[in-house]
Amino acid sequence: MPTLAGIDIPDLDLEWRFIRAAGPGGQNVNKVASAAQLRFDLAGTRALDARVKARLRALAGRRLNDDGSILINARRHRTQEQKSP
């Protein structure tokens with residue numbers, strides 16, 4: 001369960017997926033799910049009060065979906081594995 005500033009976000013409110021990344025990436029770009037996508041159920045979460053939810057809706061902009069979830073796509077660092085130095 002991720003914690004930020006004393007707020008615990010239940011794992012059930014978060015959904016991770018790996019999707020195909022668009023753009024340059026060599027021969028595997030259309031075959032490998034190499035972009036990460038995080039969906040946060042803002043509308044359904046009980047971890048945040050109404051004031052915080054309203055602030056997040058205002059900050060989310062285009063990332064806020066019609067179903068009330070925030071969708072974040074990470075394409076800059078397109079690898080599922082974290083390699084240690």
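## A word to know first

Two residues are said to be in contact when they have heavy atoms within 4.5 Å of each other. Keep that in mind for Gln 37, which, leaving aside its neighbours within four places in sequence, is in contact with Glu 15, Trp 16, Arg 17, Ile 19, Leu 71, Ile 72 and Asn 73. Please also remember that this is a predicted model.

## The overall picture

If you read along the sequence, they come in the pattern β-β-β-β-α-β. Of its 85 residues, 24% count as buried. The protein exposes about 6800 Å², and carbon and sulfur atoms supply 51% of that area.

How much of the contact count comes from residues 24 or more positions apart? Among contacts with a separation of 6 or more, such pairs account for 51%.

Trp 16 sits in strand S3, which covers residues 14-20, while Gln 37 belongs to strand S4, residues 33-40. Apart from neighbours within four places in sequence, Trp 16 is in contact with Ala 36, Gln 37 and Leu 38.

Is Trp 16 buried or exposed? Its relative accessibility is 57%, so Trp 16 counts as exposed, because the cut-off for exposed is over 50%. Gln 37 has a relative accessibility of 10% and therefore counts as buried, since buried means under 20%.

Which side chain does the side chain of Gln 37 meet in a polar contact? The partner is the side chain of Asn 73, at 3.0 Å. Ile 72 gives us a distance to look at too: Trp 16 and Ile 72 are 56 residues apart in sequence, and their C-alpha atoms are 9.8 Å apart in space.

## The two ends of the helix

Helix H1 runs over residues 50-60, and at its start a side-chain oxygen of Asp 49 comes to within 3.1 Å of the backbone nitrogen of Arg 51. After H1 comes Gly 61, with a positive phi near 60°.

## A pocket to find

Rolling a probe the size of a water molecule over the atoms shows where empty space is left. The second largest pocket has a volume of about 160 Å³. Its lining is made up of Arg 62, Arg 63, Asn 65, Leu 71, Ile 72 and Asn 73. Sorted by class, the lining has two nonpolar, two polar and two charged residues. Asn 73 in this lining is also the polar-contact partner of Gln 37.

Notes: Residues numbered from 1 in each chain as written. Predicted model: local features only at pLDDT ≥ 70, side-chain atom pairs only at ≥ 80, totals over all residues. Heavy atoms only, no water. 1 Å grid on protein atoms, 1.4 Å probe; cavity = no way out; pocket = protein on both sides within 12 Å on 5 of 7 lines; lining within 4 Å. Points joined across faces, edges and corners; volume = space filled by probe spheres on them. Nonpolar A, V, L, I, M, F, W, Y, C, P; charged D, E, K, R; others polar. Helix = DSSP H or I, 4+ residues; strand = E, 2+ residues; numbered from the N terminus. Buried < 20%, exposed > 50% of the residue type's maximum accessible area, 1.4 Å probe, protein only. Areas by Shrake-Rupley, 256 points an atom, 1.4 Å probe, with all protein chains shown as cover. Polar contact = N/O pair within 3.5 Å; in protein donor to acceptor, adjacent residues only side chain to side chain.
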